[in-house]
Amino acid sequence: MEHTEKLYYAQPPVLEFTARVLACEEDKKGWQVVLDRTAFYPEGGGQPADHGLLGGVRVLDVHDAGGVIRHLTDRPLEPGSEVEGKVDAARRLDLTQQHSGEHILSGLLHSMFGAENVGFHIGEDYLLMDLSVAVDAEGLAKAEEAANRIVWQDVPTEAVWYEKEQLARLTYRSKKELEGPVRLVTMPGADCCACCGTHVQRTGQVGQIKIIDHINYKSGTRLQVVCGARALARHRLVDGQCRRAGAALSAPVEGLAAAVERQKAELEAAKFRLTGLENQLFALWAAGETDANPLVCKPGLGPDGLRRLAAALSESRTGVCCAVSEKEGGGLAYAIACTGEGADLRPLCKELNQALDGRGGGKPGFVQGSCAADITALRSFWAAHTF
């Protein structure tokens, strides 16, 4: 089958076109439609495929099979018929904003830090970029600012095909050795890169380039980036969250970080005071127990509280002590301690778990876990044992 004529490389972009259906075959996901020409960009190079309508049916995905473009549709089209195609313009703009923004940022990171873009993918919420070298937050901020200056300059982008002999005289980025003809996409002042994706006509159409996160990844850096409309949506999200947090803390957005630090310090001080008061309460509870091997059930205690209560119970005796609290939604959490010489609570813990549908473990002198039984069943288990 002859190669499909690729209208998606045209500038200005072709979003509506007519074509002849050459083939239509059903598969597990829908129908694979081949046209003599198409403006639907196929998935490739980290850029997802265009979506839209073709002869009134939905185009769900597009792939390049050796130069033949296959359109996955939700209904069949008649081979030999002429159909009208309509590319989803909003999706195309979004993808070209992300891809063009990636070119600008990648080119500048390469020139500023020698960073190679070794991985690129446009996701639903942001695009991922993997850099070959580590770049710190200060360096990324400088590259981000330089990238946005290229956007503000609103210079025309270029996409030109070159033959092999012409490529030898040019300097450009590429992830692998290429044979001509090769399409070089140039963002003046920022980048020249071999690429078969779709791009904006002018850098100003990218709108904005924003790095929203970065982490050390392998020996380099992984970036999360949003461009264009995604950058605006991200700003609205973050601004909304900041305003809600500011209202809760009675602080303006500009003073939010300081308010959070104050709140954190106050919370840590309150937790410290609470822990001290709880320890006093646990000591009083322990002093009131006369049983050599007490099982004490108290509401609302988490794992740390149970541990400290079990420790308080065991400080004044050599017997086995169990602190228990009922869990929200059913079941029990437990902590068992013993300070007796040579004590090993692990067999007891294993038996408890088997008998009461529990899970947990620990060290010879202390075990902790949870079980599905109620307090009555646990008391019966405890009463049946001699320590």
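Is Lys218 buried or exposed?

**View 1. Lys218 in the loop between β14 and β15 of the predicted model.** At 76% relative accessibility, Lys218 counts as exposed, the cut-off for that class being over 50%. Most residues other than glycine have a negative phi.

**View 2. Asp357 in the loop between α7 (346-356) and β19 (358-363).** A positive phi of about 55° is found at Asp357, which is not a glycine either. Asp357 is exposed, its relative accessible area being 59%.

**View 3. The cis peptide bond from Gln11 to Pro12.** The omega angle of this bond is near 0°, and Pro12 has its place in the loop that runs between β1 (5-6) and β2 (16-26). Most peptide bonds are trans.

**View 4. The largest nonpolar core, with 28 residues.** Those with the most contacts inside this core are Ile104, Leu105, Leu109, Met129, Ile209, Leu223 and Val225. Two or more residues each are given to the core by the helices α1 (89-113) and α2 (137-153) and by the strands β9 (117-122), β10 (127-131), β12 (182-187), β14 (209-217) and β15 (220-227). Apart from this core lies another one, of 21 residues, which includes Val57, Val62, Ile69 and Val87. In soluble globular proteins, nonpolar side chains tend to be buried together.

**View 5. The surroundings of Val225.** When residues up to four places away in sequence are not counted, Val225 touches Leu105, Tyr126, Leu127 and Met129, together with the run Ile209, Lys210, Ile211 and Ile212. Among these partners, Leu105, Met129 and Ile209 are, like Val225 itself, listed with the residues that have the most contacts inside the largest nonpolar core.

**View 6. Helix α5 (residues 256-287) and what covers its buried residues.** With 32 residues, α5 reaches 46 Å from its first C-alpha to its last, close to the 46 Å expected at 1.5 Å a residue. Its buried residues are Leu256, Ala259, Phe282 and Ala286, and what covers them includes α4 (229-249) and α6 (303-314). An α-helix has 3.6 residues a turn, so residues three or four places apart point the same way.

**View 7. The annotated segment, residues 1-222.** An unreviewed UniProt entry carries the annotation "domain: Alanyl-transfer RNA synthetases family profile" for these residues. Over residues 1-222 the predicted chain is 21% helix and 37% strand, and the end C-alpha atoms are 41 Å apart.

Note on methods
Residues numbered from 1 in each chain as written. Predicted model: local features only at pLDDT ≥ 70, side-chain atom pairs only at ≥ 80, totals over all residues. Heavy atoms only, no water. UniProt positions renumbered as here; feature names shortened; annotations may be inferred. Helix = DSSP H or I, 4+ residues; strand = E, 2+ residues; numbered from the N terminus. Expected span 1.5 Å × (residues − 1). Buried < 20%, exposed > 50% of the residue type's maximum accessible area, 1.4 Å probe, protein only. Contact = heavy atoms within 4.5 Å. Core = buried A, V, L, I, M, F, W, Y, C linked by side-chain atoms within 4.5 Å.
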